[in-house]
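Please look through the structure below, taking the chains in turn before turning to what joins them.

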Amino acid sequence: MTPQITLSGARSSHTAFRPSRIVSWTLLFLGGLVMVTPILFMLSTSLKDASQVYDLKLIPASPSLDNYWTVLSDGRFLRWFLNSLVVAVAVTVSNVFFDSLVGYTLAKFRFRGRYVVFIAILSTLMIPTEMLVIPWYLMASTFGWIDSYWGIMFPGMMTAFGTFLMKQFFETVPDEFLEAARIDGLNEFTIWWRVAMPLVTPALSALAIFTFLGNWTAFFWPLIVTNSRELYTLPIGLSSFAVEQAIQWEMIMTGASLATIPTLLVFLLLQRYIVRGVMLAGLKG
Amino acid sequence: MATIALDRLVKRYGKMAVVHGIDLRVNDGEFVVLVGPSGCGKSTTLRMIAGLEDISEGTVSIDGHVVNEFEPKDRNIAMVFQNYAIYPHMSVAQNIGFGLYTSKLTHGEKTKRIADTARLLGLESLLDRRPSQLSGGQRQRVAIGRAMVRNPVAFLFDEPLSNLDAQLRAQMRIEIKKLHQRLGTTIVFVTHDQVEAMTMADRIVVMRDGHILQVGTPMELYDNPTDVFTARFIGSPTMNLIPATLREQAGHRVAELDQVQASVRLPSNFPIADIGADVLVGVRPHDLVVDQAGAGTGIALKGEVSVVEPLGSETLVHLEIGGTAVIATAPGKIIPRAGDRVTVRAPEGSLYLFDAKSERALCRT
């Protein structure tokens with residue numbers, strides 16, 4: 001009788017009780033707990049009334065959705081939500097278009113100064129946002145963009161990170177795909193749009209996710225460039241709950257819970273692309 | 001259909017020339033194969049014909065028109081690439097139809113063209129599939145279909161069979177040859193595989209280091225190679241070359257094989273050359289046959305068998321003759337053993353003589 005080889009089964013049953021595995025699982029559990037606890041408290045607080053806010057029990061004594069009705073029936077919240085959505089979507093679309101266009105050009109065309117241009121773009125990643133805020137503000141002020149959607153959006157319409165990410169991905173596209181299209185008579189823009197772009201969908205998804213999340217949660221620049229409450233984005237609006245009235249934690253937590261819905265949706269729908277995008281950004285650099 | 005003419009075509013990358021002023025004329029409807037080792041400039045030449053590489057000097061003409069400054073799309077040629085270059089995000093029908101993207105045909109006409117092309121290539125049942133659901137041979141047929149659908153004046157193939165396994169490659173060779181016979185379109189085909197070149201070409205162009213060494217029909221190149229490189233590159237197994245020295249024996253010029261007690265008598269009209277000059281005597285393995293009876297004619301050589309490769313119909317016998325490794329054949333079921341001493345014999349008229357220095361062919365004998 002031929003002996004059965006059950007290496008994988010034997011291996012898993014042994015490794016399951018290794019001390020190193022127990023330690024790593026414990027550390028992972030603790031790390032997860034640290035990350036999940038604030039979210040659970042946020043959700044818990046959003047279900048409490050004002051009198052229970054400082055009662056630190058995770059499960060509310062009498063949970064209620066009243067806070068959600070209150071926040072949603074307040075026109076300002078929906079306006080801020082919409083502002084954030086407009087800004088995040090517009091900046092994301094712009095980044096997907098322009099970053100990939102520049103990334104494609106740098107990856108697939110040979111021209112004098114190509115490397116210098118790439119290094120120049122990449123070097124802007126080294127400059128902290130805080131240093132850029134004053135020039136941005138002066139620019140916005142000069143062109144009359146203060147307190148406008150365009151004022152909020154313009155610094156992020158194209159990013160060095162996105163350009164870098166897309167360039168790295170386009171370099172993996174075989175030249176033959178583009179040359180075949182060139183022989184078939186397509187112009188360069190159509191080749192990029194019809195042939196190259198569909199081949200880098202994972203990178204485009206990752207870029208879209210990063211850009212959307214970054215702009216959805218952006219706080220610093222929108223706070224500086226907006227004056228009127230109608231143009232507040234959600235993070236600025238929520239913070240105003242805390243500074244303009246007595247702090248209403250249950251309302252802030254309710255707004256924050258609602259604000260996480262788009263980000264959670266994006267994560268749940270496209271998480272495999274996020275992982276791939278993070279891996280790419282790490283490996284190709 | 002069209003003629004393609006290359007006139008003193010040069011390609012330089014910076015100061016380094018990779019194609020050195022080649023001349024070639026591909027006739028209307030002809031199947032020409034550019035063959036040579038990696039880096040010989042064959043793909044670069046093809047890409048210059050396609051318009052994918054700038055031309056440093058010289059001209060490329062298609063149907064009598066110099067097309068140096070034409071964009072690839074304006075040359076009305078089609079190209080099939082080594083890795084197929086079919087788009088993974090499109091179905092077979094979309095891939096074939098992509099060749100008509102800029103065409104002014106109506107939707108109905110395009111659909112008919114796609115259907116006709118698919119029928120010709122046996123792809124009708126696969127039109128809705130994605131490339132990932134196809135085998136290597138089917139993918140290659142889709143790539144050919146995309147090239148065919150535009151009715152180009154010439155097809156350019158850049159090592160299109162290299163990614164296929166041996167069996168599929170043999171099958172696709174026949175399919176491409178049949179396709180050429182049916183369409184009669186001019187084809188320039190690049191390969192490093194001499195078997196592909198021999199089996200498919202009307203004419204073969206042998207290239208090395210950016211130069212054309214020889215142009216001719218497969219049999220011309222096999223029978224009358226002009227130099228050692230072509231002699232060894234064309235034909236499988238490669239031609240044996242045994243070092244020899246020119247001598248005079250009893251009023252006749254002979255090539256005396258070094259370290260072997262044998263000599264080859266040269267024809268009486270052999271041009272006068274320096275006595276003592278080094279030459280190479282070439283003999284194809286299929287002309288060098290193991291002679292068990294010892295009663296044959298022609299030049300006989302003795303050597304020790306190092307390895308045998310039985311192929312069924314014949315056996316390739318690797319021998320050591322006077323310090324030179326030689327391949328001979330043993331017909332039928334005769335299979336010598338390693339270590340045996342055997343006599344191999346090449347008939348008159350099957351030997352080639354090359355100058356050892358210039359490697360140019362001198363004569364056949």
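Predicted model: local features only at pLDDT ≥ 70, side-chain atom pairs only at ≥ 80, totals over all residues.

Residues are numbered from 1 along each chain as its sequence is written, and chains are lettered from A and ligands numbered from 1 in the order in which they are written.

Chain A holds 14 helices and zero strands, where helices (H or I, at least four residues) and strands (E, at least two) are DSSP runs numbered from the N terminus. Of its 285 residues, 31% are buried; a residue is buried if 20 or more other C-beta atoms lie within 10 Å of its own, exposed if 12 or fewer, and partly exposed in between, with C-beta atoms placed from the backbone. Among the contacts in chain A with a separation of 6 or more, 75% are between residues 24 or more positions apart, a contact being two residues whose C-beta atoms, placed from the backbone, lie within 7 Å.

Chain A is divided into domain 1 (18–64) and domain 2 (70–284), with bounds that come from an automatic or database domain assignment. Eight residues from domain 1 of chain A and six residues from domain 2 of chain A make up the contact, although the C-alpha centres of these two domains lie 31 Å apart.

Within helix α12 (residues 220–225) of chain A lies Trp221(A), which counts as buried because 22 other C-beta atoms are within 10 Å. Leaving aside residues up to four places away in sequence, Trp221(A) touches Val133(A) and Pro155(A).

Between the chains, 13 residues of chain A are in contact with 15 residues of chain B. On the side of chain A that touches chain B, α9 (175–183) and α10 (188–199) of chain A are the elements that give two or more residues, and α9(A) gives the most, with six residues. The residues of this side divide into eight nonpolar, one polar and four charged, where Ala, Val, Leu, Ile, Met, Phe, Trp, Tyr, Cys and Pro count as nonpolar, Asp, Glu, Lys and Arg as charged, and the others, Gly among them, as polar.

In chain B, four strands form an open sheet in the order β2-β1-β4-β5, with antiparallel pairing; two strands pair if DSSP finds at least two bridges between them. The edge strands, each pairing on one side only, are β2 (16–26) and β5 (65–66) of chain B. Strand β1 (residues 4–13) of chain B is joined to β2(B) by eight bridges, and Leu6(B) has Leu24(B) as its bridge partner in β2(B).

The largest nonpolar core has 106 residues, and those with the most contacts inside it are Val33(B), Met79(B), Leu156(B), Val188(B) and Val205(B); such a core is a set of buried Ala, Val, Leu, Ile, Met, Phe, Trp, Tyr and Cys residues joined through C-beta atoms within 7 Å. Helix α11 (residues 201–216) of chain A gives the most to this core, with nine residues. A second, separate core of 35 residues includes Val279(B), Val289(B), Ala330(B) and Ala361(B).
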